[in-house]
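Open the model in a viewer and keep the selection tool at hand. The stops below are meant to be taken in order.

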Amino acid sequence: MSHESTVPEELGDPVVRTAEVPEPGAVTIVVPTFNESANIRELLHRITESVPARLPCEVVFVDDSTDDTPEVIFQAAQDCPFPVTVLHRDEPEGGLGGAVVEGIKAAASDWIVVMDGDLQHPPSLVPELVGTGERANAGLVVASRYIKGGSRAGLAGGYRIAVSRGATWLTKSLFPRRLHGISDPMSGFFAIRRSVVTAEILQPLGYKILLELAVRSRPREVTEVPFVFQDRFAGESKSTAQEGFRFLRHLVGLRTASPIARMVVFGLIGATGFVPNLLGLYALTTLGMHYVPAEILANQLGVAWNFLLIEHLLFRERRKHRTWWDRVGRFALLANADLVLRIPLIALLVGTFGMEALPATAVALVMTFVLRFVGTEALVYLPRRGRGAPDGSRTARRAR
Ligand code: GDD
Ligand code: MN
């Protein structure tokens with residue numbers, strides 16, 4: 001990577017001048033920013049004070065701001081003895097997590113440190129994170145609030161602390177093996193080796209980018225360093241209630257990454273479909289409808305219920321390959337084919353293979369269930385060939 005090393009005339013101090021020639025960084029500090037103009041100057045100042053003397057660095061801001069944050073970065077970068085880049089995204093895909101992945105992709109150094117732009121993460125810890133990773137030969141070093149020496153002083157209020165604790169507990173119980181050795185999977189402050197990042201398989205969604213990396217990229221050696229989560233320097237948190245729902249969707253997405261896990265959830269959702277199905281049957285027969293057409297209609301209620309849950313929980317990321325009508329049609333066809341297939345299949349098992357009616361029914365249920373799951377994956381939600389998603393537009397500018 002090359003960079004400009006011109007020094008503006010007004011920065012005449014010769015001491016600054018020698019330090020001004022930026023070396024390529026041993027660490028790239030990736031900072032996601034969304035309207036943080038009041039924090040930039042102090043952040044770059046504290047990085048300048050504590051990092052370059054111990055570890056050559058460069059800083060990449062991945063910015064989704066609607067305010068003047070990029071301009072403020074350009075201004076403040078003039079005083080920095082290391083390269084500063086701003087990657088501005090016009091389409092902030094994936095939110096905070098998407099921004100971090102863009103920054104990681106842009107980094108050329110062996111180590112990448114991800115930190116917030118509001119000074120809740122002390123920049124002075126950057127060299128220690130990387131140093132610990134080098135000494136322990138680790139792929140990932142997490143700055144944790146939950147080990148001895150760490151704390152969450154800056155987490156505002158008992159409510160946020162409780163939510164944060166609950167979310168950490170839930171997440172750790174969902175991924176006991178992958179998160180083994182990580183006490184703070186929700187931390188937004190960590191160092192990762194570029195070689196362990198498998199950027200192409202990441203599907204970041206919102207705030208929890210460390211969780212995404214730990215679960216999908218699976219670094220082998222993981223270690224932690226305690227840190228004190230500070231108060232925000234200026235401005236307010238960008239997290240909203242909507243971010244909470246995004247987090248739950250993110251968890252479901254991560255948990256159902258394997259086909260077996262997806263099939264289990266598919267089955268659980270299917271089982272909940274009995275409720276609208278039976279309620280519909282009850283209502284229609286009470287209204288005086290004959291039970292055969294009532295069965296058929298009520299079944300469609302169950303199908304609709306399952307479709308909605310599956311679309312929003314299981315295949316959320318794979319909906320774009322077909323139009324809504326196409327997906328509904330295919331899903332309904334598969335669900336009804338299941339019913340039509342089941343009786344002849346039972347007859348076949350009993351008649352040809354001499355099975356008893358009850359086990360034959362059980363076997364037929366399992367077979368049609370698996371067929372329906374495989375069919376739904378392959379015929380409704382599989383990406384069609386040659387239809388990659390277009391890249392969102394972004395501009396990268398070197399600030400100095
Ligand atoms: N590029 C970009 N796009 N940056 C964003 C976005 C976005 O959509 N949303 C937030 N950011 C930036 C903010 O500007 C800030 O620099 C950083 O991400 C963290 O955002 P905050 O809004 O300050 O988050 P927080 O303090 O509530 O949460 C932090 O601490 C949590 C632990 O309690 C984050 O680090 C979380 O990841 C972490 O779980
Ligand atoms: Mn913050």
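**Stop 1: a loop residue**

Select Asn 35: at 22% relative accessibility, Asn 35 counts as partly exposed, where buried means under 20% relative accessible area, exposed over 50% and partly exposed in between (1.4 Å probe, protein chains only). The model is a predicted one, in which local features need pLDDT of at least 70, side-chain atom pairs count only at pLDDT 80 or more, and totals for chains, interfaces and linings use all residues. Residues are numbered from 1 along each chain as its sequence is written, chains are lettered from A and ligands numbered from 1 in the order in which they are written, and side-chain values use heavy atoms, with hydrogens and water left out.

Asn 35 lies in the loop between strand E1 (27-33) and H2; helices (H or I, at least four residues) and strands (E, at least two) are DSSP runs, numbered from the N terminus. Asn 35 is not a glycine, yet its phi is positive, about 50 degrees. Most residues other than glycine have a negative phi.

**Stop 2: H2 and H3**

Next, select residues 37-50 (helix H2) and 69-77 (helix H3), whose axes come within 9 Å and cross at roughly 20 degrees. Axes here are lines fitted to C-alpha atoms, for helices over the stretch in contact, and angles run from 0 to 180 degrees between N-to-C directions. H2 and H3 are therefore roughly parallel to each other (angles under 35 degrees count as roughly parallel, over 145 as roughly antiparallel, 65 to 115 as roughly perpendicular and the rest as oblique).

Which residues make the contact? From H2 they are Ser 37, Ile 40, Arg 41 and Leu 44, and from H3 they are Thr 69, Val 72, Ile 73, Gln 75, Ala 76 and Ala 77; contact means heavy atoms within 4.5 Å.

**Stop 3: strand E3**

Move to Thr 85 in strand E3 (residues 84-89). Thr 85 counts as buried because its relative accessibility is 10%. Not counting residues up to four places away in sequence, Thr 85 touches Val 59, Val 60, Phe 61, Arg 397, Arg 398 and Ala 399.

**Stop 4: the manganese ion**

Select ligand 2, the manganese ion, which Asp 118 (OD) and Gln 120 (OE1) coordinate at 2.0 Å. Donors are N, O and S atoms within 2.8 Å of the metal (3.2 Å for Na, K and Ca); water is not among the atoms, so sites may look incomplete. Both Asp 118 and Gln 120 are buried.

Now pick Leu 119, in the loop between strand E4 (111-114) and helix H5 (126-135). Its phi is near 70 degrees, a positive value in a residue other than glycine. With 3% relative accessibility, Leu 119 counts as buried.

**Stop 5: H7 and its surroundings**

Select residues 209-217, helix H7: nine of its nine residues are buried. They pack against helix H4 (95-106), strand E5 (140-144), helix H6 (157-174), strand E6 (190-193) and helix H8 (241-255).

Leu 211, Glu 212, Val 215 and Arg 216 of H7 meet Phe 247, His 250, Leu 251, Gly 253 and Leu 254 of H8. After H7 comes Arg 218, with a positive phi near 45 degrees.

**Stop 6: strand E7**

Finish at Thr 223 in strand E7 (residues 222-226). Thr 223 counts as buried, at 19% relative accessibility.
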